[in-house]
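Reader: I am new to reading protein models. Can we go through one together, feature by feature?
Author: Gladly. Here it is.

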Amino acid sequence: MAIKSADQITIVDVTDAYSVILTSESYTFVGGTNGVAAGASCSTQAVAFCGATQCNAVSVVQNNIVCPAGISASVTNNGTNGPTITFTTTATVADACEATIPVSVDGITVNKKFSFAVAKTGATGGKGDKGDTGKGIKSTVITYQVGTSATSAPTGTWSSTVVATTTGQYLWTRTVTTYTDDTSTTSYSVAAHGTTGGKGDKGDTGKGVKSTAVTYQVGTSATSAPTGTWSDSVVATAVGQYLWTRTITTYTDNSTSTSYSVAAHGATGAKGDTGDAGADAITLTITSSAGTVFKNSSGSTVLTAHVFVGGVEQTITDAGVCGSYGSVKWYKGSSTTPTKTAKTLTVSASEVSTTMNITAQLE
């Protein structure tokens with residue numbers, strides 16, 4: 001059947017970026033003169049955020065953790081918002097080393113590094129006038145604080161538990177080591193909160209649609225938009241005029257984009273002994289009840305077809321029948337088989353993988 005008019009709309013799904021953090025990224029084993037013996041242990045937790053929201057299901061598979069020689073790993077509370085990874089020495093470890101922890105969330109895997117240091121007990125000096133006794137570690141205290149710099153430690157109050165971060169912030173970890181001679185050293189590590197955007201380790205934050213405003217104006221050009229006052233309702237056109245539609249989309253970061261579409265008024269047939277008046281233009285447009293951008297595969301929108309003949313909107317039944325002009329059929333993507341014949345079409349975010357073009361045709 002011949003296509004009398006058509007319009008197309010693009011539905012987009014954007015997703016916040018993910019960031020993965022270990023509550024502690026290093027540990028110092030206290031050992032003897034040869035290193036730390038078998039049986040010593042330490043632990044850390046893996047947490048993840050989607051944008052500023054903590055993820056509830058984080059996975060760490062024990063067999064996928066790569067441990068250095070002499071150290072094994074076990075996992076508890078896997079699949080929760082903070083699985084715990086425990087490392088245990090299985091033989092004497094004398095030197096610094098590190099493990100690799102694959103952390104998975106929502107199908108994304110990020111490899112995190114956990115470092116081990118070994119504090120050996122200093123050997124007792126041989127008998128003599130200048131022999132010195134080595135010093136060991138008495139205790140280590142680990143605390144956390146959120147900062148805004150990746151190079152300068154924050155100066156606020158440190159917490160004994162992990163503090164949630166948001167985009168643009170950094171999670172600082174401070175380790176204070178006190179030795180047996182009551183001297184101490186302080187070390188820091190820092191993890192950046194992932195910036196938002198498309199999925200991936202370094203994706204940018206997607207932006208959603210705050211609002212859309214559709215207005216109409218009659219013009220005399222088919223290529224240059226009119227400069228007069230735009231109307232919230234469709235404006236009737238005459239022969240030789242054009243119905244312009246302007247759509248202003250405002251995003252959640254308050255930026256905007258403007259798009260236009262234009263439809264010509266059907267010209268009257270030339271006069272003659274038996275000539276008939278030219279047919280009015282038939283225009284089909286699509287409106288969306290909830291914009292054209294989904295976020296994080298959530299939500300739905302109802303697309304509605306509108307048919308105008310000579311600038312006058314026509315009645316369309318729920319079954320898609322538009323009087324004697326034909327029926328409205330909906331097509332998804334590049335398919336040539338209609339998904340539905342109706343006045344409206346409901347689209348859920350779960351159907352959209354990044355983008356989907358949807359076309360309505362009056363046939």
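Reader: Which backbone atom does the side chain of Gln145 reach?
Author: The model is a predicted one. In it, the Gln145 side chain comes to 2.6 Å from the backbone nitrogen of Gly156. Gln145 itself sits in strand β10, which spans residues 137-147.

Reader: Is Gln145 buried or exposed?
Author: The test is a cut-off: buried means under 20% relative accessible area. Gln145 has 8% relative accessibility, so it counts as buried.

Reader: Which residues is Gln145 in contact with, leaving aside neighbours within four places in sequence?
Author: Pro154, Thr155, Gly156, Thr157 and Trp158 are among them. Tyr170, Leu171 and Trp172 also belong to the list.

Reader: Let us step back. How many helices and strands does the chain have?
Author: Zero helices and 24 strands. The chain has 363 residues, and 37% of them count as buried.

Reader: How do I read contacts over the whole chain?
Author: Look at how far apart the partners are in sequence. Take contacts between residues at least 6 apart. Of these, 57% join residues at least 24 apart.

Reader: What about nonpolar side chains?
Author: In soluble globular proteins, nonpolar side chains tend to be buried together. Here the largest nonpolar core holds 28 residues. Val60, Ile65, Ile85, Phe87, Ile101 and Phe116 touch the most other members. Strands β2 (18-22), β4 (41-50), β6 (71-76), β7 (84-89), β8 and β9 each supply at least two residues of this core. The most come from β9, with five residues. Another core, of 21 residues, lies apart from it, and Ile9, Ile11, Val309 and Ala360 are among its members.

Reader: Which residues is Phe87 in contact with, leaving aside neighbours within four places in sequence?
Author: The list includes Ile65, Ile71, Ile101, Phe114 and Phe116. Ala40, Ser41, Cys42 and Cys67 are on it too.

Reader: Now β18. Why does Leu303 count as buried?
Author: Leu303 is found in strand β18. Its relative accessible area is 0%, so Leu303 is buried. Not counting residues up to four places away in sequence, Leu303 touches Ile9, Ile11, Ile286, Trp330, Leu345 and Ile358, among others. Ala290 is 13 residues from Leu303 along the chain, and their C-alpha atoms are separated by 8.8 Å.

Reader: Which side chain does His306 join through a polar contact?
Author: That of Thr287, at 3.0 Å. His306 also lies in β18, which covers residues 300-309. With a relative accessible area of 18%, His306 is buried. Leaving aside neighbours within four places in sequence, its contacts include Thr283, Leu284, Glu313 and Ile316.

Reader: How do I find empty space in a model?
Author: Rolling a probe the size of a water molecule over the atoms shows where empty space is left. Here, a search of the whole structure finds one cavity of 30 Å³ or more. About 70 Å³ of space lies in the largest cavity. Its lining has 11 residues, and Thr237, Ala264, Thr283, Gly310 and Gly311 lie nearest its centre. The lining residues divide into six nonpolar, five polar and no charged.

Reader: How much space lies in the largest pocket?
Author: About 660 Å³. The largest pocket is lined by 28 residues, with Asp7, Thr245, Thr247, Ser261 and Ile286 nearest its centre. Among the elements that give two or more residues to this lining are β1 (5-14), β13 (209-219), β14 (242-251) and β18. The largest share, six residues, comes from β16. By type, the lining divides into 11 nonpolar, 15 polar and two charged.

Reader: Last topic: backbone angles. What should I look for?
Author: Most residues other than glycine have a negative phi. Now look at Asp106. This residue is not a glycine, yet its phi is positive, about 50°. Asp106 is found in the loop between β8 (97-105) and β9 (108-119). Asp182 has a positive phi too, of about 70°.

Reader: Where is Asp182 found?
Author: In the loop between β11 (170-179) and β12 (184-192). Asp182 is exposed, with a relative accessible area of 55%.

Note on methods
Residues are numbered from 1 along each chain as its sequence is written. This is a predicted model: local features need pLDDT of at least 70, side-chain atom pairs count only at pLDDT 80 or more; totals for chains, interfaces and linings use all residues. Side-chain values use heavy atoms; hydrogens and water are left out. Helices (H or I, at least four residues) and strands (E, at least two) are DSSP runs, numbered from the N terminus. Buried means under 20% relative accessible area, exposed over 50%, partly exposed in between (1.4 Å probe, protein chains only). A polar contact is a pair of N or O atoms within 3.5 Å; within protein, one must be able to donate a hydrogen and the other to accept it, and residues adjacent in sequence count only if both atoms are side-chain atoms. Contact means heavy atoms within 4.5 Å. On a 1 Å grid over the protein atoms alone, a cavity is a set of points where a 1.4 Å probe fits but cannot get out, and a pocket is an open set with protein on both sides within 12 Å along at least five of seven lines; lining residues have an atom within 4 Å of a point. Grid points are joined across faces, edges and corners, and a volume is the space filled by probe spheres set on the points. Ala, Val, Leu, Ile, Met, Phe, Trp, Tyr, Cys and Pro count as nonpolar, Asp, Glu, Lys and Arg as charged, and the others, Gly among them, as polar. A nonpolar core is a set of buried Ala, Val, Leu, Ile, Met, Phe, Trp, Tyr and Cys residues joined through side-chain atoms within 4.5 Å.
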